[in-house]
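Keep the sequence and the 3D view open as you read.

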Amino acid sequence: MKRLIELWNKYERHISVVTLVCGFTFDLILAKRPDSIADNILLLFYLGLSASIIVVLNMRSRREQEGIQTVQPLFLLLVLQFCFGGLASNLLILYGKSGSLGGTTIFLALLLCMLVGNEMLKNRYAQFKFNIGVYYFLLLTYLVIALPTFVFHRIGTQIFLVSGIVSLLLIAFFLWAIFRLVLRGDKKKQILQVGSIVLGIYVAFNGLYFLNVIPPVPLSLKAAGIYHSVERTASGDYAVTYEKKHWWEFWRDTSDMFTVQAGEPAYCFSAVFAPGKLTTPIVHTWEYLYPADENHKRSTWLPVAKVEFPITGGREEGYRGFSEKRVLADGQWRCTVSTASGQVIGYITFNVVSATSTPALSSGVL
């Protein structure tokens, strides 16, 4: 044990980083979909276990303040790092699938903060505040997914706000238990410091949501493309014709060029995943990139048409739907798939070119 403690003191930073990265990588493989019972059990286990470890670590700090010798909690610290890494990566997958870079950037930034925190924060109380901040952020982001999925079966601003309030109530109870039963010293000062961290995270997360940086979890765009024709078949599938994409356009379902003949419509087809039992309206917004002129100092995306239709969750490949636009000027267009409140799930851009001859089309079934 003495040798183990010596190795820990010597390589603590490296071991903590490795454990955090291991937890992060482990759940990158396991994470699947927001309504997966197995995934949610694992996330709840991580949240419960990390909360318990935070309590135990602070009980140990209290005993040290009282002059009682304690053993280095090596295993607990490693498990806490693993739980935080696992939670962050699992939620990264779920937010990243929701179509924007916002969710991915947030969780990668969180991982970076945890790595830096492990390197710089050696004071036990500083670590406590940091761990509470990370824990609350992970709790909040989980509830924003779990409550719409399993409780309300719908999404929207009201549901988001309710999820945030529930997170505040849970963290308030958790902190009350810690300050009441564990911590010693100037509790008023400690409460103000930790409370300001929690409140700051809550306000910042809400700000990102209303700026449409937070993706509309638990929705995610499974497929999107621009087609020359879309017809529902007797089997319930969709027969489509489209211009084939280039071999290097691996991220697209159809070509970025749309060759239009006079009077021919274009169809924006999307498949949006939603958890089972969740219903919500989806909006297709057709936008045209107007070039810079005396009215617009720079090129500007302006909406030309909007089509709204409801979707129902549960289908692994996503709920399919399409909208139609008949008059298309030459130039760059975009079909944005969003929620009724304007949160972007994803979009598809394409260039319209007037046909000089009949374009070569491929056909398929969606």
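Lysine 277 is exposed, its relative accessible area being 67% (buried is under 20%, exposed over 50%, partly exposed in between, with a 1.4 Å probe and protein chains only). This is a predicted model, where local features need pLDDT of at least 70, side-chain atom pairs count only at pLDDT 80 or more, and totals for chains, interfaces and linings use all residues. Residues are numbered from 1 along each chain as its sequence is written, and side-chain values use heavy atoms, with hydrogens and water left out.

Lysine 277 isn't a glycine, yet its phi is positive. Histidine 153 also has a positive phi without being glycine, and histidine 153 counts as partly exposed.

| Residue | Phi | Relative accessibility | Loop between |
|---|---|---|---|
| Lysine 277 | about 75° | 67% | β5 (266-273) and β6 (279-290) |

Those helices (H or I, at least four residues) and strands (E, at least two) are DSSP runs, numbered from the N terminus.

Another loop, between α7 (187-210) and β1 (220-227), holds proline 218. Valine 217 and proline 218 are joined by a cis peptide bond, with omega about 10°.

Now for the lining of the second largest pocket: by class, there are 7 nonpolar, 3 polar and 3 charged residues. Here Ala, Val, Leu, Ile, Met, Phe, Trp, Tyr, Cys and Pro count as nonpolar, Asp, Glu, Lys and Arg as charged, and the others, Gly among them, as polar.
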